[in-house]
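This report describes selected features of the structure shown below, beginning with a helix pair.

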Amino acid sequence: MTHLQVTGLTVRHPGSRASLAAVDGVSLEIPSGTTLGLVGESGSGKSSLAGAIVGLVPAQGGRVLIDGREARTRTVRDRRRLGRLVQVVLQDPDTALDPRMTARQTLVEAATVFRRLDRAARAARVTELLGLVGLDPRLADRLPRQLSGGQRQRVSLARALAVDPGLLIADEITSALDVSVQASVLNTIRELQRRLGLSVLFIGHNLPAVCHVSDTVAVMRHGRIVESAPTETILRTPQHPYTRALLASVPSLGTSPSEERTS
Amino acid sequence: MCLPSGFRRSPIAWATAFMLASLVALAVAGPMVWGAAADRPDPSVVLRGPSAAHPFGTDGLGRDLLARVLTATRPSLLLALAAVLLGAGSGIIVGSCTAVLGRRGRRLTAGMINLLLAFPALLVAMFLAVVFGAGTAGAVLALAAAGVPGFARLAQTLAAGVAGTDHLAAARVLGLRRHRLLWRHVLPNIAEPLLLSATTAAGTTLVALSGLSFLGLGVQPPGYDWGLLLSQGLDRIYAEPLPALAPGLAVLYAALAFQLLGEALAGSVARRGPAPRAPAPTPPPSGPAEDGLVLQVEDLTVELPTPGGTIQPVRGVSLSLRPGEAVGLVGESGSGKTLTALALADLLPHGARVSRRTLRLLGADLAALTPKERDRHLATGLSMIFQNPASALNPSLRIGTQLTEAVRAHRGTSRAQATAEAADALRRVALSPALLRSRPYQLSGGQRQRVMIAAGLMTRPGLIIADEPTTALDVTVQRQITRLLTDIRRDTSAALLFISHDIALVGEFCERVLVMYAGTIVEAVPADRLADGARHPYTRALVASVPDLAADRGRPLPTIGGGPPDPLVPAPGCPFEPRCPRRQDHCAEQAPPWQDFDATHRVACWHPEPVTAVLKTVARS
């Protein structure tokens, strides 16, 4: 339900050479209720871009418009206003949750950031959130180390959804997961998007996974977006040589080893 | 607090507990029992030496020194604790603030901490004690202030670790306020090491505080603590050593108690984890050798002690590799595939026990070799390539040194010859020999993994075990590495055991695939049949859950419900039974036997999938 527009966003990391920008004048748009997939290799600037949108990484130039309003992150008040609209789920399921807080504590904390909830409402909200991401409510009182990687990633997803954001940024959320677990997390993302009308920025390096959930795919390399098109178009007629190289590198069970060797 | 068992067993821990208990008892009871005697002047026995009535002698007003030393326990300890609490408390707040402040605030605080650290703590304490004025409050404040920079730096370092975690970033995006981030997310996660060092600091602070009192900057008469008693006794130490020694020994005793407590706590934190077990007995000789096999393993089982009990992450794995063959080992995390590889290379973590019926590498029975011969045989016959090239290379050594190490140690090759071979190995993996002089940080991830492969090639191994060698790399680089491994296999006829969770990747470039689930191999299948001819329901489900570029995006991906079994409670039947769509009653009771379909395709399942289901997949693609 949230429209994101990024224009000419530039991020330079302090210490690196001035000529090298992690994000180099990137412009992209996510119409409300759609999913944009962002693919690229590690170091291509995907995570810096995500961080810059939510204010975790300072941007050196460009604008981020959310529903037409400039996103600001200088003061806590600005950050809170942005947090209501945009939430982020990060890559590493090992550090994504506070190791000393149970899933319930984590979710209650997130659910009460903007709203006061009494005891009964809190319990109901935790059950609702866990249900939303397909987790058994009985897992609520477990600590992160008692949960599997996929379960932890779902709890962080539920935490992000606790404030009812309009835009969800998912930064490599399936990279550390097994294929079978990845499949169910991907299904959850699609399901959520359909049910809640979320706009999603789905970042990843696994092209098939990104394509599976995205309406539009943008390919990023060296801090720039080299190609951006609807998913079907990218898959059928990739324009940029780098996109073609990416597509060609995807392992597929359809090809036999002999074919691969000659290609 | 519940102390771990290692703590309860150690004699030092008992001594520490006794010393602390005695100090607490004295601090509580001392003034009540001996307080009156300590303050009662007796002009008839001024400045006496030890006697039956006054075991430590008397002071200038004829007060009993033993009573005074015992009574001084309370003020000495309380003042030291107050100084530590104040100093550590403010230091920790200042230091951990850096994790939640904005960039400018963080830089400013860090700079301030650095500046303050430059001054020696004890000098600062003495200077401040003079500035604040001689007296109890002044001394405590001075010591507290002197302790702040040290604690601030420690807390800053620890908090920086938390600040980099994803959960703090997520909490920040949620819009939590700074004080809440600090109290809820930063402090609880760094409390443990800080408590330990505060305990140790209590001992040093006690000594420092006594020092200030000794110098006349601390407790002022008529009050007294150990330091002041020491100073008063020192005037006549040559005539009567005991009045000076007794308070000195008291200081030593208390300081030692705090130090030991810190050590014992730190030790118990470090020891937390399973206790080491007795070394494994020598395995019996292997079964009969089969000709022409690079690796022959039968019935490999690994036992691993965990806090919850002993588990068997690998149970009865058998596999064999022929020269030049590429075999994939797939399974989800925790299925035991990496432990299988480590067991083959004799690299299991400490405490693990391995048993097997047969383990032959290049025809030699590893059970029949002496440990030294076995190490040598493994080092030259087998190479391992690990998942993370960033940590697999020693960051401080040049590439050349790391490449030539193994051949120089095991083959006695000369330096010049080894360097020439290393240059060849680098060329083989399409890197320039000029890299011999570089260090790991100068290379990219893909280059490092090539160096690892080159290092593996140096000993001309018969078997290469690659454990998730491309998982940390990007897809385009992954493709280059798998191609490289294929070429090497063709050129050197080395066998390759390729371990990965990515079934598509394994299926694409291996000839045979072993599918592992919960510590056992459930299916061995030729790679070309993986896409549509797999017979085990788990293999089928795994293949189906891979997102395919050609798949219909409107439909959800097939998933496997439930999770892998708990390794602590192994079930008697098929491990996949609870999640299996084809399960029947006896699946839970009896482990399925192997069924051979042909020489290369076997499956451990009571009810393998029929072959006909294949047609659907073929028709779709």
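In chain A, residues Gly149, Gly150, Gln153 and Arg154 of helix 5 (A:Gly149, A:Gly150, A:Gln153 and A:Arg154) meet A:Val181, A:Ser184, A:Val185 and A:Thr188 of helix 6. Contact here requires C-beta atoms, placed from the backbone, to lie within 7 Å; helices (H or I, at least four residues) and strands (E, at least two) are DSSP runs, numbered from the N terminus. The residues of this contact comprise two nonpolar, five polar and one charged. In that scheme Ala, Val, Leu, Ile, Met, Phe, Trp, Tyr, Cys and Pro are nonpolar, Asp, Glu, Lys and Arg are charged, and the others, Gly among them, are polar.

The model is predicted: local features need pLDDT of at least 70 and side-chain atom pairs count only at pLDDT 80 or more, whereas totals for chains, interfaces and linings use all residues. Residues are numbered from 1 along each chain as its sequence is written, and chains are lettered from A and ligands numbered from 1 in the order in which they are written.

Helix 5 (residues 149–161) and helix 6 (residues 179–196) of chain A pack at an angle of about 20°, with their axes 10 Å apart. Axes are lines fitted to C-alpha atoms, for helices over the stretch in contact, and angles run from 0 to 180 degrees between N-to-C directions. Helix 5 of chain A is therefore roughly parallel to helix 6 of chain A, a term for angles under 35 degrees.

Chain A also holds an open sheet of six strands in the order 6-7-8-3-9-10, with mixed pairing. Strands pair if DSSP finds at least two bridges between them. At the edges are strand 6 (86–89) and strand 10 (224–230) of chain A, each pairing on one side only. Strand 3 (residues 35–39) and strand 8 (residues 199–204) of chain A pair in the parallel sense over five bridges, and A:Thr35 stands opposite A:Val200 in strand 8 of chain A.

Between the chains, the contact takes 53 residues from chain A and 51 residues from chain B. Helix 6 of chain A gives the most to the side of chain A that touches chain B, with seven residues. That side of chain A has 25 nonpolar, 17 polar and eleven charged residues.

| Residue | Phi | Other C-beta atoms within 10 Å |
|---|---|---|
| A:Asp164 | about 55° | 14 |
| B:Arg460 | about 45° | 15 |

A:Asp164 is partly exposed, as is B:Arg460; the term covers counts between buried (20 or more other C-beta atoms within 10 Å) and exposed (12 or fewer), with C-beta atoms placed from the backbone.

Terms used: Angles under 35 degrees count as roughly parallel, over 145 as roughly antiparallel, 65 to 115 as roughly perpendicular and the rest as oblique. Two residues are in contact if their C-beta atoms, placed from the backbone, lie within 7 Å.
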